[in-house]
Structures are given as structure tokens and as C-alpha cells.
Amino acid sequence: MADDLFKALADPTRRTILDELTEKSGQTLFELCGRLSTRHRLSLSRQGVSQHLAVLEAAGLVETRREGRYKFHDLNTAPLRQIAERWPLPGAPETKESTP
């Protein structure tokens, strides 16, 4: 398990970005900046948000896709499942990952 996953989750701003992507996946940088500003009163530059997204992407928590000139950001929860599988609760039933 990569340390960059825990580094990404350690920052409250990055957790807020993940919250926003949980609510509405597939947002552009412009949309995320607007939501962070209006809903959370975070005054971050576009470059600042972009740097946070780069950390989240390096950790595997955010995936990007391009459509024309737009870049969309989607939440990927697979790394979070790896944490839960690494330290299961005692007595919890084992979960087997299904293959699509």
C-alpha cells in the first residue's frame, strides 16, 4: 500500500475535494473551484486546486478523462477498499472482490 494514499487523505482540503466528487463525479477544474468556493468558503486558486487533484490522482483516488478541451475528474474508491481489506474488523465476514 502506497504512502501517497495516506498523504492524500491527510489534508482536509483534499478530503473536501473527495467529498465533492462523491456528491458529483465527473467535474471539471472550473466546477470544482466554484463548488469549493461557494459551498465550503475555500479561497483556493485554480492552480492550488489543480495541485491537490494531482496528489489525489497520484494516490489513485481520482481518475481523469479528456473530452475535447475539457478534463473531467472522477472519484475512484478502489484504494480505500484496499485499506479496509488490509485491516479488517475482528469477526467481520470476509469479502471477496468480484471481477467485472
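Good morning. Two residues are said here to be in contact when heavy atoms lie within 4.5 Å. The model under discussion is predicted, so local features need pLDDT of at least 70 and side-chain atom pairs count only at pLDDT 80 or more, while totals for chains, interfaces and linings use all residues. Residues are numbered from 1 along each chain as its sequence is written, and side-chain values use heavy atoms, with hydrogens and water left out.

Let me begin with His 73. This residue lies in strand E2, residues 70–75 (strands are DSSP runs of at least two E residues, helices of at least four H or I, numbered from the N terminus). His 73 is buried, at 6% relative accessibility; buried means under 20% relative accessible area, exposed over 50%, and partly exposed in between, with a 1.4 Å probe and protein chains only. Beyond its neighbours within four places in sequence, His 73 contacts residues including Leu 21, Leu 32, Leu 53 and Val 62.

I turn now to the aromatic rings. The structure holds two aromatic pairs. Rings of Phe, Tyr and Trp (its six-membered ring) pair if their centres lie within 6.5 Å; planes under 30 degrees apart are stacked, over 60 edge-to-face, and the rest tilted. Phe 6 and Trp 87 form a tilted pair, at 6.3 Å centre to centre and 55° between the planes. That pair links distant parts of the chain, 81 residues apart: Phe 6 is in helix H1 (residues 3–10), and Trp 87 is in the segment after helix H5 (78–86). Phe 6 is partly exposed at 35%, and Trp 87 is partly exposed at 48%.

Tyr 70 and Phe 72 also form a tilted pair, with 6.4 Å between centres and 45° between planes. Tyr 70 is partly exposed at 44%, whereas Phe 72 is buried at 16%.
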